[in-house]
Amino acid sequence: IFLYFYKNFEGGFKLKKLLLAGLLLASSALYCADYQKQGITASDRSLPVFYEKMRDRMQFTMEWNDNVKDFDRWKGEGLRKAKEFILPFYDNTAFDPEVIDEIDRGTYTAKKVVFNITKDSRVMALLLVPKGEGPFPAALMLHDHGAKFDIGKEKMVETWGDDEKLASSKKWSEKYFTGTYPGDELAKRGYVVLSIDALGWGDRSVPGYNKDSQQSLASNFYNMGSSYAGLIAFEDVRAAKFLANMDNVDKDKVAAVGFSMGAFRAWQLAAMSDDIKAAIVENWMATMQGLMVEGNNQLKGSSAYTMLHPFLGQYLDYPDVAGLAAPKPVLFNAGLKDPLFPVESAKKAFEKMDKIWTASGAKDNLKTKFWEYGHVFYKEQQEASYDWLDSKFDIK
């Protein structure tokens, strides 16, 4: 069409050149409208513009659904697939623990204990031990992300001997825990409590470590054929085994307790570890697709990497992986005002898990509750959660 107009245009050479330029410009504009000029979202700048199409195509080929008839078979196959993607390696290194400091806290003793969490890392943890003979129930306390890296284990258990960490942890406690330390509250109830640093927090961090550093750290794990989230998961499995095998711990009464990222770690650990017999999950559960909305933390390069297991989403959704813990007792708390976890997505996850626990024959071992709070674990919530745990462990 353009060539026809050009050939039959009855004007001078200069006018023909102008016409040709105009025709080429119009042609170019039409051609440009035919391809994707913008590939990422403008508001978030970290999502492909077609992310909703990709999200809606997610199939979760091994998820729990109403067509599943054999719970034990589903769980066995699901656990094998989940462990394939979540746990990067196996390590049975001797723990070789050593207590390096301790103080008296009335009804319990607080200790700093060093042990081999893997063959690559010897770490220091905070350990609370009730006075008496035992054996005692126990809890592994799993800290949050919070983009705050100077403290980790100190968020869950009150530290000593380090004024900077203590001051920092007190501010954190006031903000999220009503001025309490969740681990110490359990120790007062007669639990042995262990709190460790995930890699990059507390004693396992360095000055200047930040979100950008964390993203680079995660990328380097991928480059070495592993994953950051996988290492955290495996170290939690090892910490649970270390705790469960203490002489004064009742092996049948060991729980995982976590807040925020620590809550993710808690339900993940309940599924992955035979040493964990129950879990308290505070402010972390929803469906993958329900969290795939612009601005959500699960889509950000820093916090997401600590909980990102590549390709797991092809097979299992978050509530499916959590459901692999069934029939163990697990409590999931959520906040109606929590900006990080959309209520409808959390409800959908809870509904699926209810079906899973029902199929396992232990419907009463799953409890889900929405609180009129945001992303917090206030003293009121702690007390209700610990009462529930006591009841499941038959502690009077």
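A salt bridge here is a side-chain nitrogen of Lys or Arg within 4 Å of a carboxyl oxygen of Asp or Glu. Keep that cut-off at hand for the exercises below, which use a predicted model.

**Exercise 1.** Find the salt-bridge partner of arginine 189, and say where the two residues lie.

*Solution.* Start with the distance: the closest N and O atoms of arginine 189 and aspartate 387 are 3.0 Å apart, and the two form a salt bridge. Arginine 189 sits in the loop between helix H7 (182–188) and strand S5 (192–195), while aspartate 387 belongs to helix H14 (residues 379–392), so the pair links distant parts of the chain, 198 residues apart. Finally, check the accessibility: arginine 189 counts as partly exposed at 29%, and aspartate 387 also counts as partly exposed, at 44%.

**Exercise 2.** Work out how aspartate 66 and lysine 355 are joined, and whether each is buried, partly exposed or exposed.

*Solution.* First, the closest N and O atoms are 3.6 Å apart, and the two residues form a salt bridge. Then compare with the cut-offs. Aspartate 66 has a relative accessible area of 57%, which means it is exposed, as exposed requires over 50%. Lysine 355, at 43%, counts as partly exposed.

**Exercise 3.** Describe the surroundings of lysine 81.

*Solution.* Begin with its place, helix H4 (residues 71–86). Lysine 81 forms a salt bridge with glutamate 84, with 3.4 Å between the closest N and O atoms. Both residues lie in H4, three residues apart, about one turn of the helix. Leaving aside neighbours within four places in sequence, lysine 81 is in contact with Met62 and Tyr315. Its relative accessibility is 18%, so lysine 81 counts as buried, the limit being under 20%.

**Exercise 4.** Trace the partners of strand S6 (residues 249–259) and decide how enclosed this strand is.

*Solution.* On one count, S6 pairs with strand S4 (residues 136–142) in the parallel sense over six bridges, and alanine 139 stands opposite alanine 255 in S6. S6 also pairs in the parallel sense with strand S7 (residues 278–282), over five bridges; there, valine 257 has isoleucine 280 in S7 as its bridge partner. Lastly, eight of the eleven residues of S6 are buried, so the strand is largely enclosed by the rest of the structure.

Methods:
Residues are numbered from 1 along each chain as its sequence is written. This is a predicted model: local features need pLDDT of at least 70, side-chain atom pairs count only at pLDDT 80 or more; totals for chains, interfaces and linings use all residues. Side-chain values use heavy atoms; hydrogens and water are left out. Buried means under 20% relative accessible area, exposed over 50%, partly exposed in between (1.4 Å probe, protein chains only). Helices (H or I, at least four residues) and strands (E, at least two) are DSSP runs, numbered from the N terminus. Two strands pair if DSSP finds at least two bridges between them. Contact means heavy atoms within 4.5 Å.
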